[in-house]
Structures are given as C-alpha cells and as structure tokens.
Amino acid sequence: MKASLKKWTEEYGLFLLVVLLLISGWEWAVRQAMIPSFIMPAPSAIWGALLENKQLLFEEHLPATLKEVLIGFGLSVIGGLILGVGMHFSRSIEKVLYPFLVISQTVPLIAISPIFIMWFGYSIWSKIAVTILTAFFPIVVSTYDGLKTGGNEYRELLLTMGANRWTIFKKIQLPMALPVIFSGLKLSVVYCVVGATIGEWLGASEGLGYFSRRMSGNLQADSVFASIFLLSMLGILLFLLIGLLEKQVLKNKNRYN
Amino acid sequence: MLSIQGLSYSFEKEKPIFQGLTLDVRRGEFVSVIGTSGSGKSTLFKLVTGLLEPNQGDILFDGQKTGKRLGRVGYMPQKDLLLPWKTVLENVLLPLEVTKERKQARLPEIKKWLARFGLAEYESSYPSELSGGMKQRVAFLRTLMTGKELLLLDEPFGALDSMTKRKMHKWLLGLWGELQKTVLFITHDLEEAILLSDRVYVLQDTGIKELKVNLPRPRSSQLIYQSEFLTMRKELEMLIHNES
C-alpha cells in the first residue's frame, strides 16, 4: 500500500502540484480583480456554479451527452472495425474507400452539421451523426494500419505451414494489430465527446453542449466553465476506461521483444 | 525427395537471379546451399516452399509435380519469428493450430522433444525471456512440428555469436541421427556447411556447383581441426571464387 502510494506520487505528483499552482494563481488573479469575472470566473465560482446546477447538469444534461457519446462511439467502433478489416482483405475496397475516408475528414464539421440537422432534425441522431463523423476515422485507420504491422515475414511463415488468409488474420495479424487498434480507440473516444458537443451546439434541447451554449448566451461564464469542466472530465474518464480495457486485453500481448 | 530442374526466376524486368538451375536432395540427406549475398539463396527457398512461382523449370517432390507446394515443406526463416504473446509451448504448437490438428494427442511427443531440445523448463516462458540460441531452438522445434519430412532452414544460426553457433552445431550434430528428416540448409558459413552437410551446392553467377562431403557420421564438432576438413574448405572456397 505504502509502496504503491509512493509510486503514484512519483508518477503524478508533479502534475498535480502544477495544477494546484495554476488554480491558486488563477483564483488569486481573479480575486485581485486583474481579470473581470465574466471573462474568466474564479475556480471557486465555477465550482459554485457546478454545485448550484448539479441537479440539472448531472441528471439531465450529462446523461444526454453521455448517451450520444456512447451510441456514437459504439457505432463508430462497429463501422470502423468492419471498414478497416474490409480494406485489409480487399485491395479494391481499400482503393475505393480510402479517398472517401480522407475526404470525410477534410469536410468542415461546422459546415456539414446543418445538413445533418436537415436530415435528422433535432433528434438525437443529428448529434450521433456528427459524433460518428469525428470518431470513426481513427478507428478505421488504426485497424487498417494495425493489421499491417505483422509484416510479410509472419504471413509467409504461416503460408508455408499451409494457412489460409483467415487463419493468418486470426493467429497473427489481429493479435499484432490490437495495440494499434487500442490507440485508435483511445483517440476516438475523446473525439466522440468533442463531436457530441459540436452537435449539441448546432441544435439540441439537452446535453452539456446545449447547456453551455445557453449559458454563454446569458453571459453566465461560471456555468459555461462548469459544463466545459464536466465535458473534459467525461473525456478523461472514457479515455481511462479504454486504457484499462487495453491493459486487461493485452496482458500477455505486450511482451514484445 | 526434392528435385529442381531447369529453374529460372527473375523479379519483374530485372536480370534473372538464376537460370536453368538444377539440383536434387535425396531422402535423409543434409544438403547445404552456399553463395554470396544476393546470389538468390533465399529466393530459391521461396520458390521451393511455394511462396513464389518459377518463370521456368520444375520443382518436383518425390518425382511428382504438384500444383500446390504451400504446406509441403517445413520452412524456418532467418529470423526466429516467434510470437511474443505466446509461450514456448504455444509457439511450438502453432503449426498444429494452423492445420487444425488435435494438439492433445501429440502433447506427450512434443514434451519429449522440448526436453530433448533442452527447453523443458522453459515451456511456459515467453520468447522475450529466452537467449538467442534458445529462441533459435524453439523456432527449429516449431519447424519440426509441421511434421514435414523435408525441412528448409534459411541461415538459422546466422544471427548468433560464434560461441553460441558452435554450441548449436554440436547440438544439431548430436540430434541428427534421431531426427529422421531431410534438410536443405542455407548458409554463407563454409565451415558450417561442410561440418553439417552430406553435400554442398555452391550458387555462382554462372550456375551451380556441387561438392560431396565424404566425412563419416556421426560427426563431432572437433572435425573442423582435421586436415581433411581444411582441404575441403579450401576446395569450397575455390568453387565460390570460381577458380577451379
């Protein structure tokens, strides 16, 4: 217990110290009236807004955003894995799809979002569409690239043993791709929170993005910051969850030479 | 066992690596192929295993031309290519997994071989915990477990230091009688080629030359200090430099 505490302090102590210093400096600067509080509310005011709106935030808006993130992420994972594996197995699928994938990422989200609103209205699906558009790309790319990490040598070795493509995929390529795929998943889940927030900004009736937009309209900077704080916490938490899952799945797989 | 006739191969639009290559390997023989880097040794192996198709010529197994060569021979590449997330035992079982053979039935035999290879205590270790020589032995045992009679070994000891290499020679010579296999062996180490083989093929730019090694078996690794051995080595060196 003592040893693990010591390790933990070594790992994160410096970071926490800097955070503490930053927050104190920030609080101090606002209290000294160096920055007007409607531009930069003090951390204590943000905390106050969080507590004041806690029922609204935690029971209505956070669950709404979380739902969009989870559905969007789930669909992105399913779709991304299918596309990545499909591109791996078929040169023609890869040739046709890859340009489209890249194009999909160069389209400015803000510009395309009104179209989603036209198609899906103010329902949850317009938000999920934006989420998927931001989140599936890292999954496809990491799956596709990850499946290539095994390289040709392992493939040839298994071919000489009489293996077919599916066996090579199962025994070599998929296990070797997992670390890369997990990196993609970690990126993607963070993008999901961003995507859902953008979707809510453009048209929604609930969710943290909607809440922060409404509050900014009312010039309630402390509430805007409170919802931003929650959104970033949500992102961090989801990121850590995927990291935990990765550790569990890759227990033996990280024994690379 | 294996017979190669009039084999030609070139990579796209480049000058051929070899032309009209002919060699044969008889059952139970240990045959080495030596040649300078770039003489096409590894390409020859890829052709035999079926990873590449020849432009011309035939590759016959037991006198027969078979359509599909993949899965006919046990192939051991230069690198050990052990799967880092599998234990020694699991790595050795890989060929059985590929052919979907029942593992359970062959487990006693495999355990026996692990012991014979000096790997019994390491069967649940991971490759990253093994020394270079041990990894090479695991890779060799994995090749053996393909159950194929003809084994193609591509510079299996090439990456080892000379001390470990010496040990592996001693070990392989001691094992050879029990193995009951036919081996085609790539190397660029003349000493190794003579010490281990019944016959040595030298790949040259102009063609292929053969040298018989008339040393009795079982052989000892001390053989390299005998005069017969040295004569043969000189002969081989001359063949390589095409001065004969």
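# Exercises on a predicted two-chain model

In chain A, confidence is lowest in helix α5 (residues 109-120) of chain A, with a mean of 86, and highest in helix α3 (residues 54-89) of chain A, with 95. Here confidence is pLDDT, the predictor's confidence in each residue, from 0 to 100. Helices (H or I, at least four residues) and strands (E, at least two) are DSSP runs, numbered from the N terminus.

Residues are numbered from 1 along each chain as its sequence is written, and chains are lettered from A and ligands numbered from 1 in the order in which they are written. The model is predicted: local features need pLDDT of at least 70, side-chain atom pairs count only at pLDDT 80 or more, and totals for chains, interfaces and linings use all residues.

## Exercise 1. Confidence

Task: State the mean pLDDT of chain A and that of chain B.

Solution. Step 1: chain A has a mean pLDDT of 91, and 97% of its residues reach 70 or more. Step 2: chain B averages 88, and 99% of its residues score at least 70. Step 3: within chain B, the lowest mean, 82, belongs to β5(B), and the highest, 94, to helix α2 (residues 88-92) of chain B. Step 4: for the model, ipTM is 0.89 and pTM is 0.83.

## Exercise 2. The overall form of chain B

Task: Determine how the radius of gyration of chain B relates to that of a compact globule.

Solution. Step 1: chain B has eight helices and 10 strands. Step 2: the radius of gyration is taken over C-alpha atoms, and the globule rule is 2.2 Å times the number of residues to the power 0.38. Step 3: for 244 residues a compact globule would have a value near 18 Å, and the 18 Å of chain B agrees with this. Step 4: along the principal axes, the C-alpha atoms of chain B fill a box of roughly 50 × 45 × 30 Å. Step 5: 38% of the 244 residues of chain B count as buried. A residue is buried if 20 or more other C-beta atoms lie within 10 Å of its own, exposed if 12 or fewer, and partly exposed in between, with C-beta atoms placed from the backbone.

## Exercise 3. Where the chains meet

Task: Describe the side of chain B that touches chain A.

Solution. Step 1: two residues are in contact if their C-beta atoms, placed from the backbone, lie within 7 Å. Step 2: 18 residues of chain A are in contact with 19 residues of chain B. Step 3: helix α3 (residues 94-98) of chain B gives the most to this side of chain B, namely three residues. Step 4: the side consists of 12 nonpolar, five polar and two charged residues. Ala, Val, Leu, Ile, Met, Phe, Trp, Tyr, Cys and Pro count as nonpolar, Asp, Glu, Lys and Arg as charged, and the others, Gly among them, as polar.

Step 1: helix α7 (residues 151-160) of chain A has the buried residues Leu157(A), Leu158(A), Leu159(A) and Thr160(A). What covers them includes α8 (165-202) of chain A together with α1 (41-49), β6 (74-76) and α3 of chain B.

## Exercise 4. A buried residue

Task: Is Ile132(A) buried or exposed?

Solution. Step 1: Ile132(A) lies in helix α6 (residues 124-146) of chain A. Step 2: Ile132(A) counts as buried because it has 22 C-beta neighbours inside 10 Å. Step 3: leaving aside residues up to four places away in sequence, Ile132(A) touches Gly72(A), Leu75(A) and Ser76(A). Step 4: Gly79(A) is 53 residues from Ile132(A) along the chain, and their C-alpha atoms are separated by 9.3 Å.

## Exercise 5. Backbone geometry

Task: Which residues does the cis peptide bond with an omega of about -5° join?

Solution. Step 1: recall that most residues other than glycine have a negative phi, and most peptide bonds are trans. Step 2: the cis bond joins Arg217(B) and Pro218(B). Step 3: Pro218(B) is in the loop between β10 (208-212) and α8 (227-240) of chain B. Step 4: Leu219(A), although not a glycine, has a positive phi of about 60°. Leu219(A) is placed in the loop between α9 (208-217) and α10 of chain A, and is exposed, with 9 other C-beta atoms within 10 Å.
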